[in-house]
Amino acid sequence: MEEIKRKSWFGRNWLWVLPVGGCLTIIILFVLGIGAIFFGVSEMLTSSTPYTYAVEKAFENEEVIRVLGKPLETDGIISGNISLENGDGEADFKIPIAGPNGKARIVVVANKTYGKWVYEKLYVLIKETHEEINLLDKDLEGI
């Protein structure tokens, strides 16, 4: 009897395995790269001084707590941008927040000059009523 040697699975299927496997690898690496960029930028925004200051001011504001309820939490993806260069910078973003009574966004517009952040706009925009709750100190408004 003669023994017939069969090729391995890869030997029989290499013509379609290599292109498909290569394409899938490239797609997976692309998706992972986009995810890494997204989470890196998101981490940069959430660790910035304007973000932490704005969230702190909103979460301790009595009017915001009255309208949205307690506990307050950040709720979603930040939109906007922040840029820093040589100690100066700009921030212009919106932070979604929510409480048991509704949703809102913290609007932040600030400039950093000589190492200090100056806030042009800092308020909470209530989603349902479009009410704006100012978070800037009343004494410093309009300066």
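I began with the aromatic rings and found that the structure holds 2 aromatic pairs, where rings of Phe, Tyr and Trp (its six-membered ring) pair if their centres lie within 6.5 Å, and planes under 30 degrees apart count as stacked, over 60 as edge-to-face and the rest as tilted. One of them is formed by W9 and W16, an edge-to-face arrangement with 6.0 Å centre to centre and 85° between the planes. I noted that W9 is partly exposed at 47% relative accessibility, and that W16 is partly exposed with a relative accessible area of 46%; here buried means under 20% relative accessible area, exposed over 50%, and partly exposed in between (1.4 Å probe, protein chains only).

Y53 and Y119 form an aromatic pair too, and this one is stacked, with 4.8 Å centre to centre and 25° between the planes. The pair links distant parts of the chain, since Y53 sits in helix α2 and Y119 in strand β5 (residues 116-126), 66 residues apart. Y53 counts as partly exposed at 28% relative accessibility, whereas Y119 counts as buried at 16%.

Before going further I wrote down that this is a predicted model, in which local features need pLDDT of at least 70 and side-chain atom pairs count only at pLDDT 80 or more, while totals for chains, interfaces and linings use all residues. Residues are numbered from 1 along each chain as its sequence is written, and side-chain values use heavy atoms, with hydrogens and water left out.

Next I followed the strands, taking two strands as paired if DSSP finds at least two bridges between them. β1 and β3 run antiparallel and pair over 2 bridges, with T74 standing opposite I97 in β3. β2 and β3 are also antiparallel, with 7 bridges, and in this pairing I82 stands opposite A91. The hairpin of β2 and β3 has 2 residues between the strands, and N86 takes a positive phi near 55° there.

I then moved on to β3 and β4, which run antiparallel and are joined by 11 bridges; G99 has G102 in β4 as its bridge partner, and the hairpin has 2 residues between the strands. Strand β4 (residues 102-113) is in turn joined to β5 by 10 bridges, again antiparallel, and K112 has W117 in β5 as its bridge partner. In the turn of the β4 and β5 hairpin, which has 2 residues between the strands, I found Y114 with a positive phi of about 55°.

G87 and Y114 are 27 residues apart in sequence but 6.5 Å apart in space, C-alpha to C-alpha. Leaving out residues up to four places away in sequence, G87 touches K112 and G115, a contact meaning heavy atoms within 4.5 Å.

Is S48 buried or exposed? At 9% relative accessibility S48 counts as buried, and S48 touches I82 and F93, again not counting residues up to four places away in sequence.

Finally I checked the charged side chains and found 2 salt bridges, each being a side-chain nitrogen of Lys or Arg within 4 Å of a carboxyl oxygen of Asp or Glu. E63 and R66 meet in one of them, at 3.9 Å, N to O; they are about one helical turn apart because they lie 3 residues apart in helix α3 (residues 62-68). E63 is partly exposed at 33%, whereas R66 counts as exposed at 59% relative accessibility.

D75 forms a salt bridge with K103, the closest N and O atoms being 3.5 Å apart. D75 lies in the loop between β1 (73-74) and β2 (79-85) and K103 in strand β4, so this pair ties together parts that are 28 residues apart in sequence. D75 is partly exposed at 30% relative accessibility, and K103 is partly exposed at 41%.

Conventions:
Helices (H or I, at least four residues) and strands (E, at least two) are DSSP runs, numbered from the N terminus.
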